[in-house]
Amino acid sequence: MNYFVDGIGLVGVSAILAAYFLLQASRMRVTDLSYSILNGAGALLILYSLLFNWNTASVVIEIFWFSISLYGIIRRWKERKTLLKN
């Protein structure tokens, strides 16, 4: 079970690192919906692994990481909705 949980966490880390790399490589923009989705999904996967391997500081940062990503997703969704109306 521990290998599975660690694997889930590593997939999450990979998602966050991929988003950051793509941003730095100019393949993605901060304003892209995919950037926020990758970060949010990564944070959730890491949080899942932290349920089994508790680390308070890591849980706190991942909750904030997910919350900020969710804010970005909602913001992009509202922007798209506004553009479609106009």
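The protein chain of this predicted model contains three helices and zero strands. Read along the sequence, the elements follow the pattern α-α-α. The C-alpha trace spans about 50 × 25 × 20 Å along its principal axes. Of the 86 residues, 29% count as buried. Among contacts between residues at least 6 apart in sequence, 57% join residues at least 24 apart.

Helix α1 covers residues 2-24. Its end C-alpha atoms lie 33 Å apart, which agrees with the 33 Å that its 23 residues should span at 1.5 Å a residue. Val 5, Ile 8, Gly 9, Gly 12, Ala 15, Ile 16, Ala 19 and Leu 23 are the buried residues in α1. An α-helix has 3.6 residues a turn, so residues three or four places apart point the same way. The cover over the buried residues of α1 includes α2 and α3. After α1 comes Ser 26, which has a positive phi, near 60 degrees.

With 20 residues, α2 reaches 30 Å from its first C-alpha to its last, close to the 28 Å expected at 1.5 Å a residue. Burial in α2 involves Tyr 35, Ser 36, Asn 39, Gly 40, Gly 42, Ala 43, Ile 46, Leu 47, Ser 49 and Leu 50. Both α1 and α3 are among the elements that cover these residues.

The largest nonpolar core consists of five residues, namely Ile 16, Ile 46, Leu 47, Leu 50 and Val 59. In soluble globular proteins, nonpolar side chains tend to be buried together. Ile 16, a core member that is buried in α1, touches Leu 38, Asn 39, Gly 42, Ala 43, Ile 46, Glu 62 and Trp 65, when residues up to four places away in sequence are not counted.

The largest pocket has a volume of about 260 Å³. Its lining comprises 14 residues, and Val 30, Tyr 35, Ser 36, Asn 39 and Ile 68 lie nearest its centre. Of these, Tyr 35, Ser 36 and Asn 39 are buried in α2, and Asn 39 is also among the residues touched by Ile 16. Each of α1, α2 and α3 (56-85) supplies at least two residues of the lining. The largest share, seven residues, comes from α3. By class, the lining of the largest pocket has eight nonpolar, four polar and two charged residues.

Methods. Residues are numbered from 1 along each chain as its sequence is written. This is a predicted model: local features need pLDDT of at least 70, side-chain atom pairs count only at pLDDT 80 or more; totals for chains, interfaces and linings use all residues. Side-chain values use heavy atoms; hydrogens and water are left out. A nonpolar core is a set of buried Ala, Val, Leu, Ile, Met, Phe, Trp, Tyr and Cys residues joined through side-chain atoms within 4.5 Å. Buried means under 20% relative accessible area, exposed over 50%, partly exposed in between (1.4 Å probe, protein chains only). Contact means heavy atoms within 4.5 Å. On a 1 Å grid over the protein atoms alone, a cavity is a set of points where a 1.4 Å probe fits but cannot get out, and a pocket is an open set with protein on both sides within 12 Å along at least five of seven lines; lining residues have an atom within 4 Å of a point. Grid points are joined across faces, edges and corners, and a volume is the space filled by probe spheres set on the points. Helices (H or I, at least four residues) and strands (E, at least two) are DSSP runs, numbered from the N terminus. Ala, Val, Leu, Ile, Met, Phe, Trp, Tyr, Cys and Pro count as nonpolar, Asp, Glu, Lys and Arg as charged, and the others, Gly among them, as polar. The expected span of a helix is 1.5 Å times one less than its number of residues.
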